[in-house]
There are 2 protein chains.
Amino acid sequence: MDELIEYIEKSLPLSEEMKRDLVKISKVKHLEKGEIVLSEKSHRKIQVFVVSGCLRSFYKSEKGKEHTLQFAIKNWWISDYITLFSNANSIMCIESLSYSKVILFEEKELDKIYKQYPTLAMVQRVGLQNRIAALQKRILGLLTLSAKEKYQRFLDEYEFFEKVIPNYQIASFLGITPESLSRVRKEIALS
Amino acid sequence: MDELIEYIEKSLPLSEEMKRDLVKISKVKHLEKGEIVLSEKSHRKIQVFVVSGCLRSFYKSEKGKEHTLQFAIKNWWISDYITLFSNANSIMCIESLSYSKVILFEEKELDKIYKQYPTLAMVQRVGLQNRIAALQKRILGLLTLSAKEKYQRFLDEYEFFEKVIPNYQIASFLGITPESLSRVRKEIALS
DNA sequence: CTAATTTCTTATCATAGATCAATTTTAATC
DNA sequence: GATTAAAATTGATCTATGATAAGAAATTAG
């Protein structure tokens, strides 16, 4: 939990009271590789802060195909934003890709805190804005890039993600098949 | 300007002081069809609130291809979120698709207001969250749907957009060519 | 260390959607 | 309303990527 506080304090010094309230609603959890934090069934509205390790959120289509929405490492938030912020119930999963430590929050509780401490809400606001910019960039990428270009951009942007993400998940993040990704990788290796 | 205040007041009653401050930093503008609000060159950070009419934001690739990021009508905000919220300077354009009335804000000024009036910031926060959910949904659609399915979903979601958006712009929003869209439309018409 | 899974690669073939080019339809302008 | 320009359609290819299948490599479990 100290890690989250430390992280927030990069943007905003927290009073003892704020810290106490944050801790009160948080739940630290250790995850094995492959462990599911949030499954498609449960419509719990939770936000996940990653202390260490790596997680991903994905959607499984009727045909059983997985589509990765997000990867997250240390100091990132990951959640099912569709369930969280709209009333539609998306059928999303969040799973851990390695041994990870996370902090869980019920959206409702977190929201109360933001209402109570506007300065904290300000920090979150900046986070939301950054996320919007990132999502827009991703959409632009999906609209404009070829499989190869998407993968190369991925390598650039996710270089600090260590090698814990299997390629088939990267493919599902880029919107291509594992086979295509494999070809692209070969092509890059040969050049 | 009254329209924005009226719109905000659906979520939050505004004090006279708040209204005054909002008006102070706003600039109402009337746009002809085809008029550009924000061009790729100018790196002004502005937010646009649509009072009436219809606008779109798009990116023009090196090869001159246009890719539409967003359409917006009455009561929507539209901006170049990439320039706005990240330091990358995206080369984005916002143009009016019909006669429109909009209200412009300098991001900086708006930000000051949010800092000054936390309750207003709360309203914006909800707006940001909704946008994130919408963007995630769009990404999911781009990852999972065929051209036909994307178009059908578009028709559902944008039915209230009157018929002011030319098909080639819809195509550029869906990530397909105008020719493909035309074929999809024909197929739908025949079934 | 070996066996069993899971992931990755490679090859072949199929196809949705792109590209190019020409025509028709619709809308804008004088 | 006639002329011009913009947008939409259609047809004929072409191509990037998907689908299927099978073997190789890597990881996990016993």
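This is a predicted model: local features need pLDDT of at least 70, side-chain atom pairs count only at pLDDT 80 or more; totals for chains, interfaces and linings use all residues.
A polar contact is taken here as a pair of N or O atoms within 3.5 Å. At Ala147(A), by contrast, a backbone N or O atom is involved, at 2.9 Å from a phosphate oxygen of DNA strand D.

The surface near DNA strand D draws two or more residues from each of helix 8 of chain A, helix 7 (167-174) of chain B and helix 8 (178-190) of chain B. Helix 8 of chain B provides the largest share, 5 residues. Of the atoms of DNA strand D within 4 Å of the protein, 70% belong to sugar or phosphate, and the rest belong to bases.

Ala147(A), which contacts a phosphate oxygen through its backbone, falls in helix 6 (residues 147-157) of chain A. Within this helix, Lys150(A), Tyr151(A) and Phe154(A) are buried. Viewed down the axis of helix 6, the buried residues fall within an arc of 95°, so they line one face of the helix. An α-helix has 3.6 residues a turn, and residues three or four places apart therefore point the same way. The buried residues of helix 6 pack against strand 5 (66-73), helix 5 (118-144), helix 7 (167-174) and helix 8 (178-190) of chain A.

Methods: Residues are numbered from 1 along each chain as its sequence is written. Chains are lettered from A and ligands numbered from 1 in the order in which they are written. Side-chain values use heavy atoms; hydrogens and water are left out. Buried means under 20% relative accessible area, exposed over 50%, partly exposed in between (1.4 Å probe, protein chains only). Helices (H or I, at least four residues) and strands (E, at least two) are DSSP runs, numbered from the N terminus. The arc is that of the directions from the helix axis to the C-beta atoms. Contact means heavy atoms within 4.5 Å. A residue is near a molecule or strand if one of its heavy atoms lies within 4 Å of it. A polar contact is a pair of N or O atoms within 3.5 Å; within protein, one must be able to donate a hydrogen and the other to accept it, and residues adjacent in sequence count only if both atoms are side-chain atoms.
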